[in-house]
Amino acid sequence: MAWPRIVAESLRRLDRAPGWHRSVATETGPAQALAAIRAAQRPSRSTDAAPEFLRPGQIDPWRRVMAALARWRGALLIEPVGTGKTWIALAVAAAEARTAVAIVPAIVRPQWQAAAIRAGVPLHCWSHERTSRGVLPSGSPELVIIDEAHRLRDRSTRRVQTLAPWLVGRRTLLLTATPIVNRLADVITLLQIALPDDALRLDGIPSLQQLADRDAPPHALRRVAIRSAPPTRGGIATRPRQLPSDDNETQRAATAVAAVHSLALSSSPSVKRLLASVLLDAAASSEAAFRAALTRYRALLCQARDAGGASRQDLRRFAGASLDQLVMWELIAPDTNGEQLPLEDIVLVQSLLLFRPMSDAWIERLLAQCSDAIPTVCFARHRATADALRRAAGDSTAWVTGSAAGIGPHRMPREMVLAAFGPERAGWRARRAAPTLLIATDVAAEGLDLQAAGRIVHVDLPWTATRLEQREGRLLRIGQDHAQVEILTRPPAAPIERALRIGRLIRRKASLAERWLAGLEWDDTDLQPPAPLPAATIVTGELACRTVVAVELSQGAHRGVALMETTGDGNWVVRHELPPLDRTHSVSPKYGNAGGWGLEELLDSATRSAVLEAAHPGAGALPALVSHIHALARTAARRRAATTLAQLDRLLRFAAAPHTLGERMLLDNLLGRESAQWRAARIPDRPLAGPITARPIAVLLFRSVDATLR
């Protein structure tokens, strides 16, 4: 059998960029050129008929999601809290030939199942909690929907390491209103779960990881991250108020700060900061939570005494998910007994627990604010705080925690308790009268419909702005019964705020999230592009110092817009955004040479550079794996094993391409296996990329903004 060979002598340089569509250029102004570029950057939309159960404001996001799933097999839906992401996802699942799988928080699973039944859409619901235990759904769905996808922002968790490889070869729709919880890496991880790393290369972004270096999202990201503009909450008005701290609360906080500072905690500065933050965070919530945290710290010390030290796992379990971010765990020894805690703290903690008085006087003031007939939901991060508040509120108070739910001393099914504050409150008949106060931990802060409540109380502050938005989103959503929702916040007392700076941290994280979410909003209803778009839209000028050429690229179903800017030496670089248009030179009706180029040479050079940038191979290959595949291929070629060569060729094509996060994990696992296991692994087909078609759509000439010598 003769095998084809490719040698360098058979290659030749192309005179022009392949697929360049030539036509006559037209001359216009900056506004028209910008309209042409924005029209090319507009996200694609499906033309299918929308399901009848969608509201008008949900149809456009659904069309964009359908188009993104068709082109990239992944999408991130970031509609605001309460706008009906569940129904948009169900509309996507309605078009599936196979039953889709929805992975959702356990507490909202009944709500998803009820919505699927109402929509008439077959859906298999699975929980995040099961996934965290390493248990995956059965069957082989083509579409997987992941609600509250921000739970997958940490790739080191068991949930992500279990789920991401399972998603390989499946279309993935991620739903979250809050993709950025702590840092920009959160949203990058979500994108990498659903998309290959080079998904946006036709827009000049060869790797999703490059988004970490940007202050705002590029226009290209709107193709796969769907968020409408402007965000609305159905016209629901809010009335924010604060519960002021009195002298007793300030004194209690100052005493708690002094008590924590009296403890040694650790010889490691980072671990000491972590332990102090855990204790002060509990003290900010309530005296009951502080005592519970001191009791847990004493148990940690006793365990360290018996085991000869505290492991990293022990410390992370003590800190909990909210405060886990305060330490760079890579710098702490992962061995079983890595951290030596000060055992002398056992006596000090014991004395604090014996002699520290209980004083939660703020509870009476808070309950007085909620004594009217307005249904109210109180969120507390600490279960001890929720229990103290529930005991003070009386036997008619509803409550929900991570392990149970009920009204007063009587336990009831969680769904029944939550229904008293949901859209079916008017028909609630579980008791003689529906409760007016619900006390919940943050287990109820995601996904639930609590529109019958007209007031929300932040009993304590979370460590992220995301959690605040999630809490408020339980009430500020479609179907809210009240024209105005009151938001009552209890900030930490001044001594604890000075020590922890929770408020400043929330504002910093909120600023990052708001900047990116605002940048992702897209509303092109007022965009009127030229029809038909000219092949090259010229902004005229004679003394241009900078030139930007916008080139529309397409490869099969994918398309993008590359903005190529001259570097002054005849080369081109990719820009992600246009310079301000007020610097555009457009005083002359005659087109002049830009950098010594004529129009045809200018477009030819920029288009060629755009195609070469887009065709540049991504950095997805694993050298060790590719090298081993080549070695196996040589052996198979000598043996004339055509079937094995075909399998290896398929694996090589997959291994050498940029990957999703799950594909990368799958390949990493293959490195340690036998060759027979490689051939048996579930590797999706990776079709060869087709030719790239390029079409220049705009040329902009920018004058210098530097001071001249005149």
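**View 1. Strands E3 and E5 pair in this predicted model.** Strand E3 covers residues 100-104, and strand E5 covers residues 143-146. The two strands run parallel. Three bridges join them. Look for alanine 102: it stands opposite isoleucine 145 in E5.

**View 2. E3 and E5 belong to an open sheet of six strands.** The order across the sheet is E4-E3-E5-E6-E2-E7. The pairing is parallel. Which strands stand at the edges? They are E4 (123-127) and E7 (225-226). Each has a single partner strand, so one side of each is left without a neighbour in the sheet.

**View 3. Helix H4 lies across part of the sheet.** This helix spans residues 109-119. H4 lies across E3, E4, E5 and strand E6 (171-175). Helix H4 runs at about 175° to E4.

View 4. H13 spans residues 362-369. Trp362, Ile363, Leu366 and Leu367 are buried.

**View 5. The buried residues of H13 pack against helices and strands.** The helices are H8 (247-261), H9 (269-285) and H14 (383-393). The strands are E9 (376-379), E13 (437-440) and E14 (455-458).

View 6. The chain holds 23 helices and 20 strands.

Key:
Residues are numbered from 1 along each chain as its sequence is written. This is a predicted model: local features need pLDDT of at least 70, side-chain atom pairs count only at pLDDT 80 or more; totals for chains, interfaces and linings use all residues. Side-chain values use heavy atoms; hydrogens and water are left out. Helices (H or I, at least four residues) and strands (E, at least two) are DSSP runs, numbered from the N terminus. Two strands pair if DSSP finds at least two bridges between them. Contact means heavy atoms within 4.5 Å. Axes are lines fitted to C-alpha atoms, for helices over the stretch in contact, and angles run from 0 to 180 degrees between N-to-C directions. Buried means under 20% relative accessible area, exposed over 50%, partly exposed in between (1.4 Å probe, protein chains only).
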